[in-house]
Amino acid sequence: MDVTRLLEDLNDKQREAVAAPAQDMLILAGAGSGKTRVLVHRIAWLMEVELVAPYSILAVTFTNKAAREMRGRVERLMGQPLNSMWIGTFHGLAHRLLRSHHEEAGLPENFQILDSDDQFRLIKRLLKSMNLDEKHWPAKQIQWYINGNKDEGLRSRHIETHGDHTQQKMKEIYTAYEQTCQRAGLIDFAELLLRAHELWANNPQVLQHYQKRFRAVLVDEFQDTNNIQYAWLKLLSCENNNMMIVGDDDQSIYGWRGANVQNISHFLRDYPTANTIKLEQNYRSTSNILDAANAVIGHNPGRLGKKLWTEDSEGEKIALYAGFNDLDEARFIVSQIKTYYEQGAALSDCAILYRNNAQSRVLEEALLHEGLAYRIYGGLRFFERQEIKDALGYLRLISQPIDDAAFERVVNTPTRGMGDKTLSNLRVFARENDISMWQASSKMLAQNMLSGRAATALKGFVEMILQMTQEVKDLPLEKKADHVIKHSGLYAMYQAEKGEKAKARVENLEELVTACKQYEAPEEAQEMSPLSAFLAHASLEAGDAQADANQDSVQMMTIHSAKGLEFSFVTLAGVEEGMFPSQMSNDEPGKIEEERRLCYVGMTRAMQKLLITYAETRRLYGQDKYHTPSRFIREIPGDFIEEIRLRTQIKQPMQNRFSGATSHAAFEDSGFKLGERVEHKKFGEGTVLNYEGSGEHARVHVNFDSVGTKILMLAYAKLTKIG
């Protein structure tokens, strides 16, 4: 058997992982080490050499995009379609299981998926129906509580409150939420995973079927799994199958959303015979960048341990720039990108990464001033846009009238004259009678329980939905969508609005019809109606696509958003104590370590050039913050850093902030120096910390002993030197 094509162009460790005998394995894969290639070739090896049928392979990824890419690469390598192989995300695979076994899972056949926004709305309605003040019981906090418990595998009945009033009330809300969802046939994203786990745990015959079916289980990005996901995988594991997990404990950066970095260690504990293979050769970055990143992450205790290396050149040293303030920092970053661009690079080869979104504004202004196109990665996705969710709400209600979340979204959109009181009465009646709001509407209308105007409005809505349901019954999917958008009043409502935003909403509604026309149901959805399959697709997919990908533009994003990406020239901006690591990370155990892993991820996005910047003073949320350089900068050995020192320039805020310039020397000509002690008639004694502007607009920042920092117009401050 010739397996050359499966093993050629792989390094020794990659080849060892691909050609290993059937066994449990941990592939500890460093950044840029070719892990996706290893996974693809391992799947092909299992089919061709180990004679594992595609039907018996389960591969789990963390994004729909990654799942599609993996399937495509395996099919190209094998030269044939592999429809029977299961490749998908945890949520997508859980959804597939629940559709196939809805009765065993205790779900209606037409159950609907609640996305995060719909879940939030449902919780707000629930709090109203329970007469709970949202000031004391915030819906977002309740949402975190419910999802957090589900990620730990806990139903409301499992939670111990130990007599705590707050915990008891939260548990009651969780119980009411579970009852509402069960009654309406709704499941949220966290419920998909929990219900899939319960399906196997409570139905041994179903579990045994899949244990016998899946001889090979492969899991990518294992460091990002949460507790319920790992528990689900452990249930599937048996003597009949083997599990190969691929992960990197140094890139676990999603603890805030439930990921448990300890799951890799737990895997080694639970599978003591598992073979560990380390992929440490990096194909992305220069050795200077890798050595610096290794030095930073080396400060984290309890690592499984690996050291990235490359056959590539040493490359440039990491550039380090200290901005006098955030304006100066932004100006310098943009000037470096502009120079790189003028030397022949593409703007899209350049990325500016930051710890939080609040940092982007001043960077955007600097880019605009220089006329450089940019794109903020991670804007609203197509299926998350208001008008799309409105249209999907109507389609969901037609598909399943007992969907309360869809009912509430569209019952008064466009406005039909139904007030909060009418909707509140509907909620209460539905809850008291354990029925959906759609059923409550029919009963309350039949029993004349609503006032004249409210009854007329609600009756008109119910009749419209019934009429549309009949009219679209035999239409193809795209014509269903077009009919509902036009006859519900949505299209006319947005068309009547003025401005570019309204025009974009109308175009998006038209694009939804196109999406329906282009939609092809996957193999696992063949038993579903086209509408049900598309609605599930819309909830699960929520599109990874951003703005025009073809436009050459600087890429701006949080470091979390940059995971899995790479750029020739990367800037890490705002690398300061209190910013990165964040101030809150000092308050919780393990958070500093996660911040350091985040820094490591940011650094290893860079292929050729890495610029790290910080500002001595930064205006955030309307306040000036004074920060020291981040500890992560101090953890990089000096041999890998080149500190850039320029004559600091500060812009004139009263005109264009990025045009005029003032030097340190110009300020000192006024008679004051940074760090000098001064006295003010009203505020007393203080220290000069900062300055900005020039001429009549020059301002000075002084930290006064008694009142803290003040920003004073130099021309009117009447400061006197001390000593």
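Student: How much of the protein is buried?
Tutor: Buried residues account for 54% of the 723 residues, where buried means under 20% relative accessible area with a 1.4 Å probe, protein chains only. Keep in mind that this is a predicted model, where local features need pLDDT of at least 70, side-chain atom pairs count only at pLDDT 80 or more, and totals for chains, interfaces and linings use all residues. Residues are numbered from 1 along each chain as its sequence is written, and side-chain values use heavy atoms, with hydrogens and water left out.

Student: OK, and what helices and strands are there?
Tutor: The protein has 29 helices and 22 strands. Those are DSSP runs, helices being H or I of at least four residues and strands E of at least two, numbered from the N terminus.

Student: New topic: which residues does UniProt list for "binding site"?
Tutor: The unreviewed UniProt entry lists Ala29, Gly30, Ala31, Gly32, Ser33, Gly34, Lys35 and Thr36. Such annotations may be inferred rather than shown by experiment.

Student: Where is Ala31, and is it buried or exposed?
Tutor: Ala31 sits in the loop between strand S1 (25–29) and helix H3 (35–48). Ala31 is buried, at a relative accessible area of 2%.

Student: What is Ala31 in contact with?
Tutor: Leaving aside neighbours within four places in sequence, its contacts (heavy atoms within 4.5 Å) include Asp248, Arg284 and Thr604.

Student: And where does Lys35 lie?
Tutor: Lys35 is in helix H3. Leaving aside neighbours within four places in sequence, Lys35 is in contact with Ala29, Asp220, Glu221, Val246 and Leu279.

How values were computed
Buried means under 20% relative accessible area, exposed over 50%, partly exposed in between (1.4 Å probe, protein chains only).
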